[in-house]
There are 2 protein chains.
Amino acid sequence: MTSTSKDAPQTMATTEPARPHVGRRAVISREDLMAAALQLVGPHRSISTLSLREIARAAGIAPNSFYRHFRDVDELAVTLINQAGEALRQIIGEARTRAVAERSVVQSSIEAFMEQLRADQKYLHLLLREGTVGSDAFKGAVERQLCFFEEELCTDLQRLAVQRDTGIYQPEVVSRAITRLVFAMGAKAMDQPEEAHPDIIEQLVTMVRMIIIGTQTMAAKSARDH
Amino acid sequence: MTSTSKDAPQTMATTEPARPHVGRRAVISREDLMAAALQLVGPHRSISTLSLREIARAAGIAPNSFYRHFRDVDELAVTLINQAGEALRQIIGEARTRAVAERSVVQSSIEAFMEQLRADQKYLHLLLREGTVGSDAFKGAVERQLCFFEEELCTDLQRLAVQRDTGIYQPEVVSRAITRLVFAMGAKAMDQPEEAHPDIIEQLVTMVRMIIIGTQTMAAKSARDH
DNA sequence: CTAATATATATACATATGTATAATAATGCC
DNA sequence: GGCATTATTATACATATGTATATATATTAG
């Protein structure tokens, strides 16, 4: 797994509508390969340890056929990361908008997050644990997705601050802290039995509350000093 | 790298004082092997990707000689993790005690931490980025070291809270949040140029301040409600 | 049908890995 | 000296990997 794959097609792969072909039809698609790779990763297996042959085997194709779809295992991995990030952001986004009227935004967002963990949507595994190892392209892809999370959370926090008229001190730092904390605790949770999850959720909620109360208090003090 | 090594000798390997030998003398020591492995890891190389042969090559011994010192690459890795954790805890501990009179404990602890990053003491790399991948024994070792950090920080926070008569709400959660956040941001910093480090330190200090102010505010409110 | 073309496979090669087995080398004890 | 003991190496083997090359297969255009 070298660090090539400079220009992976960013098309988000939504089962194209059977374009007219010339030549033999593809018996397998990029998506099939990605699914096969996803199937191999898990709590005890990281994507950066998958070999080309292994993925091809899981997908039921000859090793060389892999090259028809991706240049690299790395390129596949990056595509997978992007897909995972998008999917998760959408889920969290729904949880957030759904929660505005109901319960605490914090609580329900975190619960949605941990629910994804429990559902063994391997997507999350990618974002949680693969960010620190692997090729540069790989790490970069994870980092980019995390930044998207930060940005969305940031605008959301600012919106809420205005709405409820609570101050917010350095919202970018706040959203970054929350994002990193949630992902770090999520990674920890992945290595623990499910019985421990409720406890982790509770801790996580407390942590995020502390940060939010902290930023509000700091904002209040900062306003007082002016 | 399988997940064996159930009972690695926990002796922390402080260059034994030449015990009387019978048989041929060892030309290489556990420490030499660990040093060779450490030399191979770096910002672009994770310990879980090192092969036995590669480490042996770097140490200048035949592949099979490795077995005289460790059962596994995994066992070596775990030993290395423990050593790294101990070393880092000592450094941070010194920074903390040195800082009581001088500047903020938060600021100087974080600076000591990031200084270690910059000094490219590869030790830190191990703790920062290898916690999420690798064998169970491996991940367990990292997790254990992080817990040590949490515990030490926790007692320190409580001591400070008493000393300065500020409340502290759920100190275990606070110390866990701070520890995880520092390590997560440290891992991020490792993949960025050094110019970005001051900025990251500043953000990290703000984050920790928010958490501390948050827990104090929550403690105050909780006391008021009683 | 035939040619062109896109796709998939078969075979093969150089290389890497973990480790089993046997042989060699150095040390202490008698 | 010889002998037991330990450390190290040499050789070898089964297996895995990435990928180059050549070939087979299916599909459409003409």
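## Contacts with the phosphates of DNA strand C

A polar side-chain atom of R25(B) is placed 2.8 Å from a phosphate oxygen of DNA strand C. This arrangement, like the others described here, belongs to a predicted model.

For A62(A), a backbone N or O atom lies 3.0 Å from a phosphate oxygen of DNA strand C.

DNA strand C is surrounded by 26 residues, the closest being N64(A), R25(B), R53(B), N64(B) and Y67(B).

Sorted by class, the surface near DNA strand C comprises ten nonpolar, eight polar and eight charged residues. Helix α2 of chain B, covering residues 52–59, gives the most to this surface, with three residues.

## Aromatic pairs

Over all chains, the count of aromatic pairs comes to eight. One of them joins F66(A) and F70(A) in a tilted arrangement, with 5.9 Å from centre to centre and 40 degrees between the planes. Both F66(A) and F70(A) are buried. Together with Y67(A), F66(A) and F70(A) form one aromatic cluster.

In chain B, the pair of F66(B) and Y67(B) is edge-to-face because the ring planes stand at 90 degrees, with the centres 6.5 Å apart; planes over 60 degrees apart count as edge-to-face. F66(B) has a relative accessible area of 0% and is therefore buried. Y67(B), its partner in this pair, is also among the closest residues to DNA strand C.

How values were computed
Residues numbered from 1 in each chain as written. Chains lettered and ligands numbered in written order. Predicted model: local features only at pLDDT ≥ 70, side-chain atom pairs only at ≥ 80, totals over all residues. Heavy atoms only, no water. Near = heavy atom within 4 Å. Polar contact = N/O pair within 3.5 Å; in protein donor to acceptor, adjacent residues only side chain to side chain. Helix = DSSP H or I, 4+ residues; strand = E, 2+ residues; numbered from the N terminus. Nonpolar A, V, L, I, M, F, W, Y, C, P; charged D, E, K, R; others polar. Phe/Tyr/Trp six-rings, centres within 6.5 Å; stacked < 30°, edge-to-face > 60°. Buried < 20%, exposed > 50% of the residue type's maximum accessible area, 1.4 Å probe, protein only.
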